[in-house]
Amino acid sequence: MAIRVLPVSAEQLELLDEVVALGDRYTKYLGLLTPPAYRRHAEDGGLLVAVYDEEVVGYALFGLPKRSLYVRLAHLCVAEEHRGRGVARELIEAIRARHAHRLGIRAKCRRDYGLSGMWTALGFVPRGESLGRGKDKRRWTPGGSTWGTRICSPRPRVMRCWW
């Protein structure tokens with residue numbers, strides 16, 4: 001059975017509950033987000049879920065800033081037991097396809113999570129580094145600061161890179 005990526009609306013309460021439960025499993029990495037915050041993203045068209053065999057196995061939570069030409073990725077979450085199966089790639093590709101008029105996707109991730117290889121495999125390019133907001137001021141980088149993507153021109157094979 002294939003992975004299906006679906007948009008989530010604020011009215012799909014059962015699906016929203018599954019997304020919140022998955023996000024809650026990984027708050028150590030994603031940070032705590034309240035159910036109303038997920039609902040707001042869904043209302044704004046910024047929540048996609050990956051479903052496998054009728055189970056939510058991942059989600060992408062993102063914003064579409066009015067004053068930016070980029071999608072702002074807030075969460076990319078895949079259940080540990082489904083990692084390595086292309087779920088993250090399906091979610092990123094779905095964002096790219098749905099928002100092809102945007103120049104790319106921007107994301108921030110802590111460097112010490114060891115996810116640089118994943119971000120690079122998804123087509124992201126490190127854009128620098130910044131300090132975290134916590135007491136320890138950990139550095140954020142590619143899997144931290146900002147990753148830009150090589151994407152989003154309406155024409156296939158034409159790449160715009162955010163360097």
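Predicted model: local features only at pLDDT ≥ 70, side-chain atom pairs only at ≥ 80, totals over all residues.
Visitor: How many Å apart in space are Gly-45 and Pro-7, C-alpha to C-alpha?

Guide: Gly-45 is placed in the loop between helix H3 (35–43) and E2; helices (H or I, at least four residues) and strands (E, at least two) are DSSP runs, numbered from the N terminus. In sequence, Gly-45 and Pro-7 are 38 residues apart. In space, the separation of their C-alpha atoms is 7.3 Å.

Visitor: Which residues have the most contacts inside the largest nonpolar core?

Guide: A nonpolar core is a set of buried Ala, Val, Leu, Ile, Met, Phe, Trp, Tyr and Cys residues joined through side-chain atoms within 4.5 Å. The largest one here has 22 residues. Those with the most contacts inside it are Leu-73, Leu-76, Leu-91, Ile-95 and Trp-119.

Visitor: Which element gives the largest share of this core?

Guide: At least two core residues each come from strand E2 (47–52), strand E3 (55–63), strand E4 (70–78), helix H4 (87–98) and strand E5 (104–107). The largest share is six residues, and the element that gives it is H4.

Visitor: How many salt bridges are there?

Guide: A salt bridge is a side-chain nitrogen of Lys or Arg within 4 Å of a carboxyl oxygen of Asp or Glu. One of them joins Glu-93 and Arg-96, whose closest N and O atoms are 2.7 Å apart. By this rule the count is three.

Visitor: By about how much of the helix are Glu-93 and Arg-96 separated?

Guide: Glu-93 is partly exposed, at 35% relative accessibility, whereas Arg-96 is buried, at 11% relative accessible area. Because they are three residues apart in helix H4, the separation is about one helical turn.

Visitor: How many residues apart in sequence are the parts tied together by Glu-81 and Arg-25?

Guide: Glu-81 forms a salt bridge with Arg-25, and their closest N and O atoms are 2.9 Å apart. Glu-81 lies in the loop between E4 and H4 and Arg-25 in helix H1, so the pair ties together parts whose separation in sequence is 56 residues.

Visitor: What is the partner of Glu-54 in a salt bridge?

Guide: Glu-54 is exposed, with a relative accessible area of 63%. Glu-54 is in the loop between E2 and E3, and its partner is 50 residues away, in strand E1 (residues 4–7). The closest N and O atoms are 3.5 Å apart, and the partner is Arg-4.

Visitor: What value is phi of Asp-53 near?

Guide: Asp-53 and Glu-54 are both found in the loop between E2 and E3. Phi of Glu-54 is near 65°, a positive value in a residue other than glycine. Asp-53 also is a residue other than glycine with positive phi, near 55°.

Visitor: Which helix supplies the largest share of the negative patch?

Guide: Patches are made of residues with over 30% relative accessible area and no salt bridge, like charges being joined within 9 Å and nonpolar side chains (Val, Leu, Ile, Met, Phe, Trp, Tyr) within 5 Å. Lys and Arg count as positive and Asp and Glu as negative, with His and the chain ends not counted; a charge is placed at NZ of Lys, CZ of Arg, CG of Asp or CD of Glu, and accessible areas come from the Shrake-Rupley method with a 1.4 Å probe, only the protein chains shown counting as cover for residues. On the surface, Glu-14, Asp-17, Glu-18, Asp-53 and Glu-55 gather in a patch of negative charge. The largest share, three residues, comes from the helix at residues 13–25, H1.

Visitor: What is the relative accessible area of Asp-17?

Guide: Asp-17 is found in helix H1. Asp-17 is exposed, and its relative accessible area is 53%.

Visitor: How far apart are the C-alpha atoms of Asp-24 and Pro-35?

Guide: Asp-24 is also placed in helix H1 and is partly exposed, with a relative accessible area of 38%. Along the chain, Asp-24 and Pro-35 are 11 residues apart. Their C-alpha atoms are separated by 10.0 Å.

Definitions and conventions: Residues numbered from 1 in each chain as written. Heavy atoms only, no water. Buried < 20%, exposed > 50% of the residue type's maximum accessible area, 1.4 Å probe, protein only.
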